Every structure is written in structure tokens, then in C-alpha cells.
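Here is a short tour of a three-dimensional model, written for someone who likes to check geometry for themselves. Have a look at the picture first, and then let us walk through it together.

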Amino acid sequence: MSRILVPVNGSDLDEEMVRLAAATAKRTGAHLIIVHVIVVKRTLPLDVELEEEVQRGEEVLGRAERIADEFQVPYTSELLQARATGPAIVDEATERAVDLIIMGVTYRERYGEFYLGQTTPYVLKNAPCRVWVAREPRGALAS
Amino acid sequence: MYIIVAGGGKVGYHLTKTLLAQGHEVVLIEMDRARAQRIAEELGSVVIPQRADEGRWLLEAGVERADVVIAATGNDEPNLIICQLAELIARRTGGRKPRTIARVNHPKNEGMLKRLGVDATVSTTSVILAMIEEELSPHPTVHLMTLRQAGIELMEFIIADNSPAVGQTVGGLALPPDVSLPLVVRGNEAIKPNDDTVLDAEDAIIALLPIDRESIVRERLMGQTV
Amino acid sequence: MNIVIMGSGRVGATLANRLSKEGHHVGIIDITSEAFERYLDPEFKGRTVLGDGIDEDVLRKAGIATADAFVAAAHGDNHNLMAAQIAKVIFGVKRVVTRCNDPVRMELYEALGLATISPSLIAARSLYDLVMDERLHERDVAAEIERALGSA
């Protein structure tokens, strides 16, 4: 395995996912690619400068980078601006010829039913490589 | 330019694809989810899978920063409403007014849409008629109405695989001299045929003919009579 | 008054029947003749016109040129809004009322001077009022029905 991509969005799951990705990278000798996607609404041009979001994104990436340092694995971190998260992750994975995507899903409900969101199904369907998805425990919704 | 296309049928889809290739920023609003998804898979995240005639999705598309809004659905009423909503929403949100273009499917509505505030209209029927008028250049002002009064009609024939016209030249069809074929549409290409043009299966042939010639033209082109 | 109504469904035809009974001159338009047969009273005295209400010729046949009011009561917001604008802008009809269900479209076209009403919003409001009406639910409806049927 040579490249592992882990998307981070600032949720509580980030740390666990980055640890899993870093441990896997360490074991297999892979390079870690940490990605945060800023979704830009269509009311704004894609290349607009979103100071607040960029600052927050850098913090989110910074936390992930510290974990990668802890594991002593080589990494690249990237802040992307896109219209939708799923396609941005898939494009990045394709461009960088990634072997594995590791991503977390929060337990969410919509209309009283479990809801996987839009990003995870998109990545599962369209990513060229292997995808690992981990869901947080159900209780996390209440806490 | 930032262009919003409403309606992802054949017209809207090809338009979106072409405009993207020309380097414009484009978003397509298509209400059929399956179709929207298919287009997004090919063209990327440029599709909003919703109804463009409901104001909120034009709002979400950022209509107030759009340079052009093109309403390209197969129905004239939503096309009018989409253009008007685009203008009203842009005005309401303090953006500049986008240029609005509506596809007109029923030629009768073309003037009406303009009178109700659409900046420009495009009608396939009018485009074909314009080409025919060009063809009849000695009389450049022949209108469809006059044609009707003169007992002449405009028809489209699609050549079937088993038609005797496949592989035949236009001259070889030996059509009556008062029948003219101003246009052949082959795939995306419009051809002005001459006597040596060889016809192929699935060609769409636009014919201008006296009403009483319909059966003979049909027979020569389709191999059947009515 | 001279009134033209587009759409002879339950809403349009009920309105047409009432206006006709009150002695108004009514022209009603629909794309199917079944709509007239199904919903118009046999006593309806107005004019029925078969055709599309966004067609100027059809509107003329229904009497739009001398109409004091136009009601767009067909299904489909876009269709209604287009017909209403033709009545207002092209024929200069003073009172134009449009049936429209999308709240965003309603608001924007009201700004253009078209009166719009949403049957679904009105129905939801009425249903809410009935559901919340305490007096109605304190009555023992089952017992009342039983009594009514028993006495019949």
C-alpha cells in the first residue's frame, strides 16, 4: 500500500479516523494524505476567499497533522474548495492514485430514520480504490 | 461568465457540456433525479437535482451573480416563469439582472414570451424555417402562413433502416420537381443536400411539398404509402 | 360582470356555477370537454371554450377582450401564472386572480400585481383550525351519529 487518504471535517470522529489511518500507514509503509473540503455555496464563485472557513480548516488539518507526527508517518495535508464534498474526495483520490480511503460517519437521523448523508454513498459508489467506512456508536447522537 | 441552465433534456445537457468546454462556470438545474445524477457523473458537480421553477433552487444556484439564465425545458410556461423568477429574485436580492434566454417549443409563444419580459427566445422551428427561407433566397420573406395558404406543407421524414432511400442519392429519388428538400439533419449535423447527397438510415429529411405530394414523397423516402 | 375562468376542475367550475347563478357573464376554458360535463351545472348559462388558456385566440373566444375579471384556476402554477399575465398585460384585464401553490412564486408575482391564492395553504389552515377547535372534539360524535341513524 503506498497512499492512504483520510478526509477530516472537524467532527469528533476525526481523531479516531486519523489514528486508524496513521496506524495503517505505519504498518504498511504508506504515505498519508489528509484532506479537508470547504463547501462553497453556489451564490459565491468557487475561488472566493473564505477567511473564516480557511482558518477553521487549517485548525482541523493541524490537529490531524499532530496525530500523523505522533505516529511518525509521512503525510501531505490539503485544503480544498469544492461545490460538494463527495466528488472532491473522489477526484483527489483519483488524481493522487490513492489505494485506500478511510472515512468516518456520524450517526445521523432524518425523518426519524438513520441517514448516511450524501458524501459517504457518493464515495462508496465512485471511488476508484478501496474504501473503509467506520460509524460512530449510536449513543453519540444523544451526547 | 456564470450561466445557469434550467432543464437537462437533450438541449440543456448539450448546452451545459458545450458551455463548460468553453470555460464558463455553469450550473444545470434538472428535476429528474436519475437524469441529474447521470449528468453529474459525466460532467462533475454542476447539477442541482431540483425544479428550477421553484424559486428557492434558483436562489440556491446563486442567480444574483449569474450573467445569463437559460430556460431550456421542453415546455414554454415553465421557461417563461423561470426567466421571470430569475429576474425577480435577482432584483430582490440586490444582484444585477441576468440576461434571460428561453427555449420556445411552440412557435406561437415566441412573441408572447418576449412581451412578458424574456430578453431572448430561441425556437427550433424558427431556426429551421430561417434556414429554409435562406434556401428560398429569391423570395426571402416567405412565411409559414403564406406557405399554408399556397397549399404547401413542411414535413420531416426519418429514414428507416429498411427504407429504399438508404444509400440512394437525392437526385436518384426522382422526386417531383415541385418538392424540395432544403435540409437533412444527420446526427448533430445539418446538411444542405444537393442531387449528389447520399442518404443514410436515420437521416431526418425536412421537405417542403405541395400537400397532394405527401404520399409520393413518403413512398420514395420511407418505402410505404399511407 | 364579465368574467373569464381558465380551468373547469372542481375549483374553477364551482366558481363558474356560482357566478353564473348570480347573473354574471362567464366564459370558462378547459382543455377537455369532460371537465365541463363533470363539474358544470346543467343550468350553467355561460360560454364553454375548449382550448389552452395561454392561447390568445382561445382567450378571445372566451370573451377576454371585454372581461372585467380573469381567474386562472387550472392545475399547474406556471400555466396559471402565464395565462394571468397574458390577461393582465396583453388584454389589460383589471382584476386578475391566480391559483398558485408555490409560496416563493406567490410572493414574487404578488409584487408584480397579480393576486394569488394557494388552495393548499388555505386547506391546511382550515384543517388546522378544525383540529385545534376544542368545542368540536368535546362532542361525542359517535353517539350523535348513532342517535341520528337510530331515529331515522
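## Two domains in chain C

In this predicted model, the C-alpha centres of domain 1 and domain 2 of chain C lie 33 Å apart. Domain 1 covers residues 2–117 and domain 2 covers residues 119–152, according to an automatic or database domain assignment.

How does the radius of gyration of chain C stand against that of a compact globule of 152 residues? Chain C has 19 Å, whereas a compact globule with that number of residues would come out near 15 Å. Taken along the principal axes, the C-alpha atoms of chain C fill a box of roughly 60 × 40 × 25 Å.

Chain C holds 8 helices and 6 strands. If you follow the sequence, the pattern reads β-α-β-α-β-α-β-α-β-α-β-α-α-α. Of its 152 residues, 36% count as buried. Looking at contacts in chain C between residues at least 6 apart in sequence, 49% of them join residues at least 24 apart.

Which of its residues are buried? They are C:Arg105, C:Met106, C:Leu108 and C:Tyr109. The cover over these buried residues of H5(C) includes two elements of chain C, helix H4 (77–90) and strand E6 (115–117), and also H3 and H4 of chain B. Just after H5(C), the backbone at C:Gly113 takes a positive phi of about 95°.

## How the chains meet

Of the 2 pairs of chains that touch, chains B and C have the most contacts between them. Here 13 residues of chain B are in contact with 14 residues of chain C. On the chain B side, helix H3 (55–60), helix H4 (76–92) and helix H5 (110–115) each supply at least two residues. H4(B) gives the most, with 6 residues. What is the make-up of the side of chain B that touches chain C? Its residues divide into 7 nonpolar, 1 polar and 5 charged.

Chain A and chain C, in contrast, do not touch, and their nearest C-alpha atoms are 18 Å apart. As for the side of chain B that touches chain A, its residues divide into 2 nonpolar, 3 polar and 3 charged.

## A sheet in chain B

Chain B also carries an open sheet of 4 strands, in the order E7-E10-E8-E9 and with antiparallel pairing. Strands E7 (152–158) and E9 (189–191) of chain B are the edge strands, each pairing on one side only. From one strand to the next, the twist averages 20°. Strands of a sheet pair through backbone hydrogen bonds, in either a parallel or an antiparallel way.

How many bridges join E7(B) to strand E10 of chain B, residues 204–210? There are 7, and the two strands run antiparallel. Helix H8 of chain B, residues 214–222, lies across E7 and E10 of chain B. The direction of H8(B) is at about 155° to that of E10(B).

Key
Residues numbered from 1 in each chain as written. Chains lettered and ligands numbered in written order. Predicted model: local features only at pLDDT ≥ 70, side-chain atom pairs only at ≥ 80, totals over all residues. Contact = placed C-beta atoms within 7 Å. Nonpolar A, V, L, I, M, F, W, Y, C, P; charged D, E, K, R; others polar. Pairing = 2+ DSSP bridges. Axes fitted to C-alpha atoms, helices over the stretch in contact; angles between N-to-C directions. Rg over C-alpha atoms; globule rule 2.2 N^0.38 Å. Buried ≥ 20, exposed ≤ 12 C-beta atoms within 10 Å, placed from the backbone.
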